[in-house]
Amino acid sequence: MIDFHSHVLPGMDDGSRSVAESIKMMEASLDQGVEMIVATPHFFPWQEKPDDFLARRDSAINTLPQFSSIIRAGAEVAYYDGIDYSEEIERLKIDDTDFILIEMPMTIWSRRMLEALHTIEKRTRLKVVLAHLERYVPFLKKSDHLDYVCENFLIQVNADYFCNRWTQRKALKLVKEGAVDFVGSDCHNMTSRPPNMGEAYQTMEKKLGIKSVCAFKDKQKKFLEGGQIYER
Ligand SMILES: [Fe+2]
């Protein structure tokens, strides 16, 4: 399985604080069956230049050489006004793929914001993946944009959405509807936000059946194999 969203790199953001903690997080992920982990430290364009961020990220990855074959370098790029015309946005994509993980603000999204996401895809080769969509569902329902967003962009949801018994029904419904493209642990540490991909997939297998979970995993296989084209 692929963990598409994680804060496992040491000292990058509010995630892992040390190499030792990162090693524990990586080992826990492997134990749960994760085969590839996309490291997506927060990138806040108003705080740091891409050059500085990418240099810090490379150094952080180099502290974990034993996991180099399963870590893919990415970023969780915070949306900002003007992101659609940024010249540097492509540098923040996930490794050798065409995906960019974007974290949207916790507000009602305007039409202008949705257009900006389309503009990114038109101006570049990038495919927008929206991070932890579940956080925005109430806002998207309010503005009647939920179906539109699910149909028009790639969607990542957090493993927690499946693990929490109050939300798992909604999470499973989204998977059944084909709206979920990627799952990520969004793990930050080994205590309050630990790696939990194994539990999420166990829930999916129990409730949806192994067959459909295999199909869900297969959908992501192109990515696992380094394919750059992704179709629903
Ligand atoms: Fe995150």
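Cys 187 is buried, with a relative accessibility of 0%, where buried denotes under 20% relative accessible area, exposed over 50% and partly exposed in between (1.4 Å probe, protein chains only). At 39% relative accessibility, Cys 214 is partly exposed. The structure as a whole holds zero disulfides.

The model is predicted: local features need pLDDT of at least 70, side-chain atom pairs count only at pLDDT 80 or more, and totals for chains, interfaces and linings use all residues. Residues are numbered from 1 along each chain as its sequence is written, and side-chain values use heavy atoms, with hydrogens and water left out.

An iron ion is coordinated by His 5 (NE2), His 7 (NE2), Glu 76 (OE) and Asp 186 (OD) at 2.1 to 2.3 Å. Donors are N, O and S atoms within 2.8 Å of the metal (3.2 Å for Na, K and Ca); water is not among the atoms, so sites may look incomplete. The donor residues follow the sequence spacing H-x1-H-x68-E-x109-D. His 7 lies in the loop between strand 1 (2–6) and helix 1 (19–31), and Asp 186 in the loop between strand 9 (182–184) and helix 8 (197–208), so the pair ties together parts that are 179 residues apart in sequence. Helices (H or I, at least four residues) and strands (E, at least two) are DSSP runs, numbered from the N terminus. His 7 is buried at 1% relative accessible area, and Asp 186 is buried at 2% relative accessibility.

Key. Disulfide = S-S within 2.5 Å.
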